[in-house]
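Colleague: I am new to this structure. Please show me how to read its features.

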Amino acid sequence: MPAKATRAAFGEALIDLGARDERIVTLDADLSKSTMTAKFAKTYPQRAFNVGIAESHMIGVGAGLALAGRIPFVCSFACFVVGRFETIRISVAYTNANVKIVGTHAGIAIGEDGYSQMGLEDIACLRALPNVAIVQPADELEAKQAVAWAVEYQGPVYLRLTRQSLEPVSPADYRFQLGRWATLRPGTDVTVIATGGTVFNALQAATRLEADGISAEVLNAASIKPLDEAALLRSASRTKHVVTVEDHAIAGGLGGAVAETLAELRPTPLKRLGVTGFGESGDPKGLYAKHGLDAAGITTSIRKFLGR
């Protein structure tokens with residue numbers, strides 16, 4: 001399976017699912033070509049709504065459609081859609097509306113467009129809402145399964161997707177389940193928990209660490225809320241060291257959620273890798289290298305963390 005952006009996998013899955021379920025509708029704020037819902041709109045024009053550059057309005061319309069029995073996928077760049085937090089808070093979360101919020105172009109890996117277009121605080125915002133599930137797939141297979149799951153799931157969902165293409169990491173028999181993490185590589189010395197665009201890099205780092213005699217267990221945390229507490233505690237109890245890796249602000253994201261869980265249930269040495277400060281314009285690979293989210297950076301951070 002070739003590398004593919006999870007936003008592209010989302011667009012393909014939506015067309016297939018739309019043929020089987022007429023309740024599915026899409027809403028866009030003038031970015032359907034970027035969020036990959038343009039083909040859905042062309043295929044099912046009566047079920048696609050472009051509201052213009054009016055994200056709060058889009059979320060409100062989506063909530064109304066959900067409360068009327070539709071399954072709306074409300075789509076924009078992660079920074080723009082979650083930036084309308086107050087509308088999500090009241091119209092979607094508080095009413096428990098069956099809205100699927102889709103944030104594409106997540107993280108610094110969108111590259112040259114720079115900080116104003118980068119979703120870096122979105123997980124932190126939505127994780128504060130009691131009933132919003134947060135899912136970030138790591139490749140095409142997982143993305144398509146997550147979209148199919150979201151259609152069947154009753155309640156608000158935030159689906160966080162990439163602009164950049166992602167190498168496949170999921171085994172052929174993989175099945176997405178909310179609240180469950182996949183162990184992509186077993187290990188005994190350190191637990192590496194990655195999500196989305198950093199999962200492949202974490203696997204590469206584990207291969208490099210193996211050459212140093214360090215055995216790294218790699219978990220794919222597609223389900224950020226809820227966490228897979230059982231998998232986290234089981235792995236942490238075995239390795240005694242945990243590292244989280246994410247293309248998101250270091251505060252409030254996956255690392256924050258893992259830190260809170262470990263602090264309450266099993267205090268364990270923890271290193272959080274993510275974006276510190278603001279994003280910036282640059283080549284995606286260069287930005288990952290600068291922020292230590294590429295394979296080399298992850299490897300170096302884990303060596304320091306373990307004192308090796």
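Colleague: How many positive and negative side chains does the protein have, and how far apart do the centres of the two sets lie?

Modeller: Lys and Arg count as positive and Asp and Glu as negative, while His and the chain ends are not counted. A charge is placed at NZ of Lys, CZ of Arg, CG of Asp or CD of Glu. The protein has 32 positive and 31 negative side chains, with centres 2 Å apart. This is a predicted model, where local features need pLDDT of at least 70, side-chain atom pairs count only at pLDDT 80 or more, and totals for chains, interfaces and linings use all residues. Residues are numbered from 1 along each chain as its sequence is written, and side-chain values use heavy atoms, leaving out hydrogens and water.

Colleague: Is Glu-22 buried or exposed?

Modeller: Buried means under 20% relative accessible area, exposed over 50%, and partly exposed in between (1.4 Å probe, protein chains only). Glu-22 has 62% relative accessibility, so Glu-22 counts as exposed. Of the 308 residues of the protein, 57% count as buried.

Colleague: Where is Glu-22 found, and which residues is Glu-22 in contact with?

Modeller: Helices (H or I, at least four residues) and strands (E, at least two) are DSSP runs, numbered from the N terminus. Glu-22 sits in the loop between helix H1 (6–20) and strand S2 (24–28). Contact means heavy atoms within 4.5 Å. Setting aside neighbours within four places in sequence, Glu-22 contacts Arg-47 and Arg-70.

Colleague: Which residues of H11 are buried?

Modeller: In H11 (residues 254–265), the buried residues are Leu-254, Gly-255, Gly-256, Ala-257, Val-258, Thr-261 and Leu-262. They pack against several elements, including helix H10 (229–239) and strand S13 (242–249).

Note on methods:
Expected span 1.5 Å × (residues − 1).
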